[in-house]
Amino acid sequence: MAEKFERHRQPWKQDEVQKLHTLAKKGMGLKAIAKALTRTEESVKERAKEDGLNIAKLR
């Protein structure tokens, strides 16, 4: 059932970081952002925390 991510432990690219910031500011949920970036929710959560972003938990 869990999706397989081929990009395990890959560094974040600048365009991905910008997209994360944009989606977070629009109020998108963690799950939706992770899917849009093809990253795990944990990875998105960690990066958002590093950048000081707040992400909605569920949506």
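Guide: Helices (H or I, at least four residues) and strands (E, at least two) are DSSP runs, numbered from the N terminus.

Visitor: Good start. How many helices and strands does the protein have?

Guide: There are three helices and zero strands, in the order α-α-α along the sequence. This is a predicted model, where local features need pLDDT of at least 70, side-chain atom pairs count only at pLDDT 80 or more, and totals for chains, interfaces and linings use all residues. Residues are numbered from 1 along each chain as its sequence is written, and side-chain values use heavy atoms, with hydrogens and water left out.

Visitor: What pLDDT does the protein average?

Guide: The average is 86, and 81% of the residues score at least 70; pLDDT is the predictor's confidence in each residue, from 0 to 100.

Visitor: And which residues have the most contacts inside the largest nonpolar core?

Guide: Trp12, Leu20, Ile33, Leu37, Val44 and Ile55, in a core of 13 residues. Such a core is a set of buried Ala, Val, Leu, Ile, Met, Phe, Trp, Tyr and Cys residues joined through side-chain atoms within 4.5 Å. Buried means under 20% relative accessible area, exposed over 50%, partly exposed in between (1.4 Å probe, protein chains only).

Visitor: Which elements give two or more residues to this core?

Guide: α1 (14–25), α2 (30–37) and α3 (41–51).

Visitor: Changing topic, where is glycine 27?

Guide: Glycine 27 sits in the loop between α1 and α2. Glycine 27 is partly exposed, at 22% relative accessible area. From glycine 27 to isoleucine 55 is 6.9 Å, C-alpha to C-alpha, although they are 28 residues apart in sequence.
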